[in-house]
Structure formats: structure tokens, C-alpha cells
Amino acid sequence: LKTDPHDGDRATEIKLWSFARPHMRAFHYSWFSFFLAFFAWFAFAPLMPVIAPQLDITEQMMWTANICSVASTVLMRLVIGPMCDKIGAKNLQAGLLVYGGVMILIAAVAVRDATSLVIMRFLIGVVGATFVPCQFWNSQLFVKEVAGAAQAIAAGWGNLGGGVTQAVMPLMYMACLTGMSDKNAWRFSFVLPGGACIITGICMVIFSDDTPRGNISELVKANAIEKVSARSSAQEGFGEVVTWVLAFQYACCFGVEL
């Protein structure tokens, strides 16, 4: 893979079929972790026709749960952004993924009524913030001439998780039905997204890197890069007018999408 030694050894090309460390392996982890996050985030939706009648959940409460799920994502993205500069994308992405996996496994047991559904959807929604480290990570791996393409591919492939879960979770539910009642089958279905998130998050920490030159924490210790505080990063970012222009644009497109 060709790199630019004058730009932090960032890659100047994208080889989608390569899994070589550090650039392409981190790239594939970035989009696949985002894919799993969206898969887990929306895993409840295709099973609600089964869950709602069993737990006497009204349509209004389902809408409330959906709103809470998105609200936690928006809030967490504001927090995660500045932390990327301080901690690095890899550990944040892995942490969010493991957290999301644990939450969805807890939800499989804890959801007993409308209130518990709303609470757990809110907690699971945090995993949607993986979009931020995903994009930041690719900006660290590729030069600006190809970073946009890498980010677009990672975001696009990652977003597919929200659609794939609509097909896979009902199939998982049907498979579980062969050995248990419908009241337990939907709960066991969540082992798939929960387990996948946890395993991938752990593997990500072990087998990938923040940047082409290593992990941010190690580079800071070696004085290879300057230590950045999350607070100063947030102040600088929120202080830019262009930040709010882009936020407005993204709010419009994300709002229409939802």
C-alpha cells in the first residue's frame, strides 16, 4: 500500500480486498464495527410485531422508544467527538461496541413492559455514536485526497447494518422457534447481535491500530504527537461557524432519513 511519509504515513490509495495492517485492517474494522452497531441498534424494530402483543406495548410507546433511542445517539455523538482526539478512534469504537453488545444482551432479559423497553432502547441507542469514531479513524488512515472516499465507503457499508437486521433478526427468531416458545425465541435472538458486537470489539483492540504509526496513547507517551484534551478539542470545534452549518445540514438529512 502506497503511503505518504510526510503526512503521518497515511495511505494514498485504497485497496478494498486487502486486510493488511495497519491501514486496510483498521479500515475494515471501522466499517464492520459500524455495521454491527447499526445492526444491534435497530435489532428490536423487526421483532416488535412479536414483542409488542406479548408485553402489551402500544404503538405510541413504540414511537417513544424509537425517539429515545435516537436521542441517546445524538447526545453521545456530541461527547464522543472530542474524545477521539484524546483517546483515539480504536478504543472508543471498541468500547462502544462492547457496551452495545452488553446492553442488548441485558435488554433480552430485562425488557418486560413498555417502560423497560424505552429505557433499554435509550441505553442501546448510545451505540449509534460509533459513526463518529468510524469517520475520524479513516481520516487518520488516509491522506485527504482519498479520505473522503474511504469515509463514504465505511459509512455506506456501515449503514447497511440497519437494513440487514430487518431481514436477519426475523430469521434468527424463526430459527429459535424450532426449540423454544415464542416468548423466549425473540429474547434468544438477541444473542446474535450482542455476541457479535462484544467479540468484534475485543478483536479490534487486539488486532488494529489508531493510526499508521501506532496507537495514539503510545504516540503521546513517546512524544511523537502532542497530547490533546477533549475539552480544548470541543471548544475549538464548537467555536467554528462551519461546524454549526454542517450540523444543520446533517440534522436535515438525518431527520429525513429517520
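## Aromatic pairs

The whole structure, a predicted model, contains 14 aromatic pairs. Rings of Phe, Tyr and Trp (its six-membered ring) pair if their centres lie within 6.5 Å; planes under 30 degrees apart are stacked, over 60 edge-to-face, and the rest tilted. Phe38 and Phe42 form an edge-to-face pair, because their ring centres are 5.6 Å apart and their planes stand at 65°. Phe38 has a relative accessible area of 5% and is buried (under 20%; exposed is over 50% and partly exposed in between, with a 1.4 Å probe and protein chains only).

A cluster linked by ring pairs takes in Phe27, Trp31, Phe32, Phe35, Phe39, Phe142 and Trp157.

## Around Thr211

Thr211 sits in the loop between α9 (191-207) and α10 (216-221); helices are DSSP runs (H or I, at least four residues), numbered from the N terminus. Its relative accessible area is 8%, so Thr211 is buried.

A polar atom of the Thr211 side chain lies 2.6 Å from the backbone oxygen of Gly214. Apart from neighbours within four places in sequence, Thr211 is in contact with Pro22, Gln140, Ile216 and Leu219 (heavy atoms within 4.5 Å).

## Leu78 and helix α3

Leu78 belongs to helix α3. With 49% relative accessibility, Leu78 is partly exposed.

## Basis of the model

Residues are numbered from 1 along each chain as its sequence is written. In this predicted model, local features need pLDDT of at least 70 and side-chain atom pairs pLDDT 80 or more, while totals for chains, interfaces and linings use all residues; side-chain values use heavy atoms, leaving out hydrogens and water.

Technical notes:
Helices (H or I, at least four residues) and strands (E, at least two) are DSSP runs, numbered from the N terminus. A polar contact is a pair of N or O atoms within 3.5 Å; within protein, one must be able to donate a hydrogen and the other to accept it, and residues adjacent in sequence count only if both atoms are side-chain atoms.
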